[in-house]
Amino acid sequence: MKEYTDYPILKYNTFGMDVKASRFVEYSSVDELRAFLLSVDKNQPILHIGGGSNLLFISDFRGIILHSAIKGFTVEDETDEWIDINAGAGEVWDDFVEYSVSHGWYGAENLSIIPGEVGASAVQNIGAYGVEAKDIIHKVHTVCVADASERVFSNEECTYSYRESIFKGELKGRYVVTHVTYRLSKLPCYHLSYGNISSELERRGLEPSLQNVRNVIIDVRRSKLPEPSELGNAGSFFMNPMVTVSKYNELSSLYPDMPHYPIDDNTVKIPAGWMIDRCGWKGRNIGPAGVYQKQALVLVNLGGATGSDITNLADEIIKSVKDKFGVEIRPEVNYIY
Ligand code: EPU
């Protein structure tokens, strides 16, 4: 186990906030984590982080930051049709995607180059291009913070929905994910209908294959989203809001070109990025906090921004979307005080 005090966490958050944690603890096995949880004084804030790609630190963190260095991919079970891969929570998410694609297993390829780690994929239910982590998560292995007991959650027990899980909701901060078992298909099955993935394959004269889909998704993401090493950011800053069908009808009569995704008979998802763009925010900034010029859903650190600079900008954006469209948008990024 590695342990540091007054530890700079600049390289542990993709927004590039230059803050410190009173204590930073990195463990590399379930036993180390359990021993730590049994010995630590829990009357202090404990925050578990992954790749820090969905966090916004507003100030120094006066507590303990925990980080998993549990690694490894192992085959847990398989049939002719599927394979269960157990991945350590501290593995880089895209290393898992690359590993799956290189072995010819289907399911993770649309989630290529999403920043972050395996553990966070199960907490955050990361998603892109018509696929969410919940579609391939079979089991989530955890340790209870209160008593260090081990517990395995089935997919159903994680109560997944869009960017939500029991680990972000009801059980927030109460379990640490140590491993995730993903069930991948050995039989070809592609999800190409979202956005321009199939047209991009056609344009390049490529047949769908795991590697071709991965390559297209990598290129599309790189063309729209900033590299955190070049411009601090946490991907989509806001979630796409769900509205009622009657609200959608009202908006679509005013804005016939508004993109939308029907969710069920009563609900429609509207892209927050489109609304923010229509409010004129794209490429604008308030001091060192900016709206990315190629994708209005992404807020960026133009250099030296503090957490408050970013939240001030976010608050202004939320207000203008509310004023123009009457829709409440919410941050997807977690604010850490
Ligand atoms: N749009 C605009 N202007 C903008 C941004 C978007 O008009 O500045 C329009 C686009 O033209 C498109 C629609 O809004 O018609 C949706 O945009 P896009 O396909 O880029 O997707 P998104 O809704 O902005 C979501 C996820 C992304 C994921 C993409 C692709 C959320 C909050 N975000 O973005 O996830 O990569 O779909 O599946 O659901 C992330 O979570 O960090 C992330 C990047």
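How many aromatic pairs does a search of the whole structure find? The search finds 22 aromatic pairs, where rings of Phe, Tyr and Trp (its six-membered ring) pair if their centres lie within 6.5 Å, and planes under 30 degrees apart count as stacked, over 60 as edge-to-face and the rest as tilted. The model is predicted, so local features need pLDDT of at least 70 and side-chain atom pairs count only at pLDDT 80 or more, while totals for chains, interfaces and linings use all residues. Residues are numbered from 1 along each chain as its sequence is written, and side-chain values use heavy atoms, with hydrogens and water left out.

Tyr 7 and Phe 24 form a tilted pair, with 4.7 Å from centre to centre and 35° between the planes. Tyr 7 belongs to strand β1 (residues 2–8) and Phe 24 to strand β2 (residues 20–27), so the pair ties together parts 17 residues apart in sequence. Helices (H or I, at least four residues) and strands (E, at least two) are DSSP runs, numbered from the N terminus. Both Tyr 7 and Phe 24 are buried; buried means under 20% relative accessible area, exposed over 50% and partly exposed in between (1.4 Å probe, protein chains only).

The ring centres of Tyr 106 and Tyr 190 are 5.5 Å apart and the planes are at 80°, so this pair is edge-to-face. Tyr 106 is in the loop between α2 (93–102) and α3 (118–124), and Tyr 190 is in the loop between β12 (175–185) and α4 (197–203), 84 residues apart. Tyr 106 counts as buried because its relative accessibility is 12%, whereas Tyr 190, at 28%, is partly exposed. Ring pairs also link Phe 73, Trp 93, Phe 96, Tyr 99, Trp 105 and Tyr 182 into a cluster.

The ligand is surrounded by 25 residues, each with a heavy atom within 4 Å of it. Tyr 129, Tyr 162, Arg 163, Asp 277 and Gln 295 are the closest. Helix α7 (272–278) is among the elements that each supply at least two residues of this shell, and α7 gives the most, with three residues.

A ligand oxygen atom is 2.6 Å from a polar backbone atom of Tyr 129. An oxygen atom of the ligand is also 3.2 Å from an N or O atom in the side chain of Lys 224. For Asp 277, a side-chain N or O atom is 2.8 Å from a nitrogen atom of the ligand.

Definitions and conventions:
A polar contact is a pair of N or O atoms within 3.5 Å; within protein, one must be able to donate a hydrogen and the other to accept it, and residues adjacent in sequence count only if both atoms are side-chain atoms.
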